Amino acid sequence: MAKPEENALPLYQTPLYFLAQELKARLTSFGGWEMPVQFSGITTEHQAVRNAAGIFDISHMGKFTLAGKNLIAQLQYLVPSDLSRLQPGQAQYTVLLNPNAGIIDDIIFYYQGENSDGEQQGVMIVNAATTSKDKTWLLQHLDTQKINFQDLSKEKILVAVQGPKAVELLQPFVEADLSSVKAFGHLEASILGKPAFLARTGYTGEDGFEVMLDPEEGVKLWRSLVEAGVIPCGLGARDTLRLEAAMALYGQDIDDTTTPLEAGLGWLVHLDTKGDFIGRPILERQKAAGVQRRLVGLQMQGRNIARHGYQVLSAGVIVGEVTSGTLSPTLGYPIALAYVPTQLANTGQQLDIEIRGKTYPAIVVKKPFYRSQTRITK
């Protein structure tokens, strides 16, 4: 069990923490929370999500609700994506930017349409370690006289049910037709007779839902799904799954010094369809001149694993650094993400990784490393 360091702040525990203890999960500290890193084993849990279904406790993530007559217009200034395109029941993965176009956090905004008072409503899910920072940033830049902002991070449970059989196994507990929900779609529905928020999103590269609900019902849902055959999964499998799908981890692959264009997230930058926003001048210049570095996928040419922080070399010269790396359980070989100069970012480029004083060959490959055959598209 991970323990806080002496003089460190105590770690938070989610309402599902005692279930992880019951299952004798191995625990670790993450983003200020004590979380299960694995239950039955990372590879077993990883394969369960790729082949059937797994359930993750992601209650540590930040959960905000926002409402106001001009909510979308106010949020438009904080992100590079055009949120005005969203219809009720749709969502946008995007990023909060600082004035240098650095990524404060990557988020998902779920637009719920207008309430009976004509106010636009939405749910925003943010990373656990950045919840406080994001909240402060949002409250500094939103007109709180016109926007009702609520932080439900400690009040609600959030679980992710992921895998090709996830929808089938979740459906019996939901009083709504989940098959009608498209990718990045969401709805409010009853689960076990109580209200819940469900979104067809995830961080694994597979189909599935993320479900936000009250703690009591969340515990019942977890127990019910596990009894139905869904495998409990920890942060270890969540990391290997997201890396195979080349999904960025905040604080490693992206941070406040990287821009979305450098990070391969140009698809969420909508310069042509929206007005001014924080960081726009920097992105306009990068778009015109081209970025100096790019986040690339690497495949090691052997069994050695390129880990976070390892140096990337070309012709014996250090040219970059690995941000994430693992032995892919699905593919059977080591994969990694790294920032390298743009001229070295082409598919097929030969590079070297320094591991414990020696260099080992790697090749730049297309991302994602793995693409599900069953994952639904938008």
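In strand β17, the bridge partner of L295 is Y339. I begin with that pair as an entry to the barrel, after a word on the model itself.

What we have is a predicted model, in which local features need a pLDDT of at least 70 and side-chain atom pairs count only at pLDDT 80 or more, while totals for chains, interfaces and linings use all residues. Residues are numbered from 1 along each chain as its sequence is written, and side-chain values use heavy atoms, with hydrogens and water left out.

pLDDT is the predictor's confidence in each residue, from 0 to 100. The chain averages 96, and 97% of the residues score at least 70. Over residues 1-7, however, pLDDT stays under 50, and the model has 11 contacts there beyond four places in sequence; a contact means heavy atoms within 4.5 Å. Where pLDDT is low, the predicted coordinates should not be read in detail.

Now to the barrel. Helices (H or I, at least four residues) and strands (E, at least two) are DSSP runs, numbered from the N terminus, and two strands pair if DSSP finds at least two bridges between them. Six strands close into the barrel in the order β14-β17-β16-β15-β18-β19, with antiparallel pairing. From one strand to the next, the twist averages 45°. Such angles run from 0 to 180 degrees between N-to-C directions, and the axes are lines fitted to C-alpha atoms, for helices over the stretch in contact.

Strand β14, residues 293-300, is joined to β17, residues 334-341, by 7 bridges, and the two run antiparallel. Within β17, A338 stands opposite V296. β14 also pairs with β19, residues 358-365, in the antiparallel sense over 4 bridges; there the partner of M300 is A362. Helix α7, residues 235-244, lies across β16 (317-327) and β17, and runs at about 125° to β16. In the segment after β19 we find P368. A cis peptide bond joins K367 to P368, with omega about -5°.

The next element is an open sheet. Its 6 strands have the order β10-β11-β12-β9-β3-β13, and the pairing is mixed.

I55 has V161 in β9 as its bridge partner. Helix α2, residues 42-51, packs on the sheet and touches β3, β9 and β13, its direction making about 120° with that of β13.

A189 is partnered by A196 in β11. The hairpin of β10 and β11 has 2 residues between the strands, and L192 in this hairpin takes a positive phi near 55°.

On a 1 Å grid over the protein atoms alone, a pocket is an open set of points where a 1.4 Å probe fits, with protein on both sides within 12 Å along at least five of seven lines; lining residues have an atom within 4 Å of a point. The second largest pocket holds about 230 Å³ of space, where grid points are joined across faces, edges and corners and a volume is the space filled by probe spheres set on the points. Its lining has 13 residues, of which G89, Q90, A183, F184 and G185 lie nearest the centre. The elements that give two or more residues to this lining are β5 (90-97) and β10 (186-191), and β5 supplies the largest share, 3 residues.

What is the division of the lining into nonpolar, polar and charged residues? There are 6 nonpolar, 5 polar and 2 charged residues. Ala, Val, Leu, Ile, Met, Phe, Trp, Tyr, Cys and Pro count as nonpolar, Asp, Glu, Lys and Arg as charged, and the others, Gly among them, as polar.

I finish with the segment around β1. K24 is in the loop between α1 (17-22) and β1 (26-30), and phi of K24 is near 55°, a positive value in a residue other than glycine. β1 pairs with β2, residues 33-38, in the antiparallel sense over 5 bridges, and F30 stands opposite W33 in β2. These two strands form a hairpin with 2 residues between them, where G31 in the turn has a positive phi of about 60°.
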